Every structure is written in C-alpha cells, then in structure tokens.
Amino acid sequence: MKNFGIKEALAELGLKKSNPGVSTGSKWYRSTGGLIDSYSPADGKLIGSVHGGDEKTFDKVVKQSEEAFQVWRTWPAPKRGEVVRQVGVALRKYKEPLGKLVSYEMGKSLQEGLGEVQEMIDICDFAVGLSRQLHGLTMHSERPNHRMYEQWHPIGTVGIISAFNFPVAVWSWNSMLAWVCGDVCVWKPSEKTPLCSIACQLITARVFEKNGVPEGVSCLVNGDATIGQLMAQDERIPLVSATGSTRMGKAVARTVSERLGRALLELGGNNAIIITEHANLDMAIRGALFGAVGTAGQRCTTTRRLIIHDSIFDEVKDRLKNAYAHLNIGNPLDTGNHVGPLIDKTAVKLYQDALRKVKQAGGEFVVKGGVLQGKGYESECYVKPAVAVVENEYEIVQHETFAPILYLIRYNSLAEAIQKQNGVKQGLSSSIMTTNMQEMERFLSAAGSDCGIANVNIGTSGAEIGGAFGGEKETGGGRESGSDAWKAYMRRQTNTINFGDNLPLAQGIKFDI
Ligand code: NAD
C-alpha cells in the first residue's frame, strides 16, 4: 500500500513509536496513566503510542502552570503576541507534515487536514493583532472629580478539553488567544488523536524555549475522560474550555459549576440548510454535498438536515442522488478521494444503528448506506454516505449521529421551514439558500434561525476564524476564536478613581458624622 509520505512526516514532526504524553513545555514526563495506542482509521495500522497522565502528574503539571502564570501575566501583551507570531511561523514550516498527520490519525481528507493547520496559522495572526487590542471601556462617573474605566486581566490556568475531529485547530483557537491574554494552558486532547497533540506541543515548545517563556505556559496531559474530570474539578483552573459531545459538556458543566468555575462549552450540532424555491440550485447542491459528506460527516457543523421547498423537493433529491453517485470513498491521503473513514469501529456501529432507526421510523432511503469492505477498506471504518427522506420529528433526526447521513425534509412556507430548522435541541449552525431578500432577512431576524451561526448562500460548515464561533441550546452557548471571544479568557475589573478632595458617595447617599 502507498505510504503517502507518512513515515517522513512523523519523523519530521519528531514523533516516535512510543511517546511520553505529559509535558509542561520543554519537559516531558512518563507516568502510570496507561498506554494510549493510536491506530489510523485510514488503514488500521498502529501509528504510535502515547503514555497517558495520571492524577499525580496532572497535579504536578497544574502546579507548574500556576508558577508560570505568576511570570507570564507580567509580560506585556504585545511581547506575548510576538511569541505567538513565531508559533505561527513555525506552523507554516510544519504545515505539510502536520496536515498529513491530522489526515492520517483522524481520517479527514488531506485537503481538510492542511486546512486545519491553516486555521491554526490564521488564529496565530489574529491573536498577534489582538495582543495590542485587549481594550476596556471608559465611562463617565456620576461623581465630580472621578474617573471610571474597566480593564481586562488574565485569569490564570485555562483547561482545554478537545474532541477528535479537530485534533489541532480547537486547541489553537483556545491557546493562542489565552496566551496573548496572559493565561497559561493545560490541554487534555482526545484519546483518539494523541499524536497530533504531541506534534503541536513539540512545535510550540521549541519556540517558547527560544524566547525564554516560563516552563508551564503550554502544558499537555494526555488521557481519557478521567483526566477531563480532574480538570473540571480542579479549583486551580478558573476556566475549562471543553469541545465535544453534549453528553460530555453536561458532565463538565455540572462539575465546573459545582465549584463556581467558568465553563466555555462547544458541543454537538444538528445543522440544517433551508433550500427555498428561490435558491440557486447549483450552489445549494454543492453547499449541501460538502456540508454533509466533508470529514465523513464528522464536523460539529456538518449539514445533517436539508429543509427543502415542496416545489423543488424532487429536483433537489434527484440531483443529490446523482452527485452522491460520483463520490470517491477511500484513503483520505489520496487526493482523488472525497470521503475518508469514520474515526473507529464504534462510530461505524453508531452509524449502522442510526440507519436502522431511520428505517424503523419510516424513513425512505434515496441513497442507501452501508459499510465498505475489501481492498483499501481493511480498517473497517469506511461507510457510504446515505440520504433519506424523513420527518423532522423522528427521534433519530433529533440526535446528532456523527456520520454522513443526510436527512431530507419537505416544507411549504418559510415560517414552517424556520420552525423545523429550530425544532431540535442543538443550536450551532444553520443556513438558507435563497436569492430572495425577504426570505434572507426573515431567516436572519430575531424570529429566524436560533443558531449561533446563520449563513446565507453558504453551507453550514467551514467557518472563518474572524467571527465568534459557537452555538446555543445544547450546543453549550460558548464562543471561541474571533470577534470579542477573547473576553472569555480574561477577568474584567472596573476601576473608579477619585482625584478630588472629598469623598462623595454614589447615588448621592449622605453619611456625615
Ligand atoms: P467526546 O465528547 O466523546 O470527547 C470530547 C473530549 O471530552 C475528549 O477529550 C474526551 O476525553 C473528553 N471527555 C469525554 N467525557 C468526559 C467527561 N465526562 N468529563 C471530562 N471530559 C470528558 O466527543 P468526540 O467524539 O471526541 O467529538 C465529537 C463531538 O464533539 C460531536 O458531538 C461534535 O459535534 C462535537 N464538537 C463540537 C465542536 C464545537 O465547536 N461545537 C467542535 C468539534 C466537535
């Protein structure tokens, strides 16, 4: 089988067959947390192993991060930004091997793997600019000779829990912003993609060392949910930013709120595109196709539902069927393929269960699914993208199945379409395909989409880093990346200064003796 330059990529990134999985920067620790084997869903081969952390090493790492924070917070923000700029330069250098590793360990296409690294580079650039723009407001005081303003300070150690499907970008969205804000980070990556985390830590550590960044600003603790829960419980970690399933988010939120910490949650989606009778259908089909099968349906923003106007329903259905017939499914490193594997066999089972439930509920398959077998599919993780006509109310349609299953739903009025689009528990991404101004504005109005992301003539996936990313309802309410998402990583302080000779009280209260 073709190697696709994986061996060379692993060597360039400094990855070994067996790797320590806990680090505070340039120091690495072996611990007793158990070995995590990383198998590629592309070919089923063992890529390498990582030693996970345990309670003791986790404690040691958090202590080191606290010490580092004492120093890092005193560095001027633009100086911290300069370090992040250099991380961006290093990522440019390693874009190709890191993109390949993302593709090989996670299973997304090489194009998407490279795109994920590009997203890291973009967020570095964004964070560098931000390091000179951590602005607070000034307000007019109601009292004479008083001045009032607010400033933003770093909060301390930020815990980052990340999901397998964006094994490097989600960490960078959090850490680059947190670092310019003056925070230090402890990262608990997904146990399904541990090698990506080691590669990121190695790249960052070299830059940090060269710049004299204190040991503990960038920390990594590999492991499973046990480490995630240690993080959620730990009072030394004021902010836990967690990306993953709604089930995980609820568990983390419960634990963090118990100690009145902050949780930034980026959870599951159940995203829909409304295709109106005024849509440009060429664009609509392309947007729906990439949204539904890109990353084999394993994006939080994957298009799971198409809500189609009755007058064009059959045409859209037929064109999709035709487009699906031209999809190449296979090794994600082979640029001729559109769809790669699911992450593991458990995901394949969940996909099969979902197909069964669609059928039981009365769904009608337009494109049949199924598990692929034979040459090139030895990992047993490859499935056929499926399309089914369903009702929005089916129990299975209400859930996020992390696989390429697209549901087609019919509507007659825009109000009905919006009601269906909003009629799920998740609230991440949404879009409308239309050339009609009234339809567009209604969809974007307060009575329109209830999601954190609402697009027009663009699919539901593929957000840019410049906007705040996240969603409502069971998606968790968090916002990351662009706009003013940085505020989540800082604490706000209101300062009032009296430069007069009296002590007037607010609200004109008299307290004379
Ligand atoms: P997952 O919930 O199984 O795991 C995510 C992370 O949480 C992992 O690191 C895991 O070890 C950890 N974890 C699991 N249970 C935990 C617990 N009880 N306490 C603490 N940590 C725990 O999710 P996954 O399968 O890796 O990723 C897929 C899910 O992530 C999908 O639901 C997808 O929509 C979601 N996701 C959301 C976004 C977003 O920005 N909204 C981005 C990417 C992925």
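Predicted model: local features only at pLDDT ≥ 70, side-chain atom pairs only at ≥ 80, totals over all residues.

1. Residues are numbered from 1 along each chain as its sequence is written, and side-chain values use heavy atoms, with hydrogens and water left out.

2. Domain 1 comprises 23-267 + 476-493, and domain 2 comprises 271-467; the bounds come from an automatic or database domain assignment. Their centres, taken over C-alpha atoms, are 30 Å apart. Domain 1 gives 30 residues to the contact and domain 2 gives 25, where contact means heavy atoms within 4.5 Å.

3. About 2,100 Å² is buried between the domains, 63% of it on carbon and sulfur atoms. Buried area is the accessible area (1.4 Å probe) that two parts lose on being put together, summed over both. Of the area that domain 1 buries against domain 2, 24% is supplied by Pro41, Ala42 and Glu112, more than by any other three residues.

4. The rule finds 2 salt bridges across the interface, each requiring a side-chain nitrogen of Lys or Arg within 4 Å of a carboxyl oxygen of Asp or Glu.

5. On the side of domain 1 that touches domain 2, 11 residues are nonpolar (Ala, Val, Leu, Ile, Met, Phe, Trp, Tyr, Cys and Pro), 10 are charged (Asp, Glu, Lys and Arg) and 9 are polar (the others, Gly among them).
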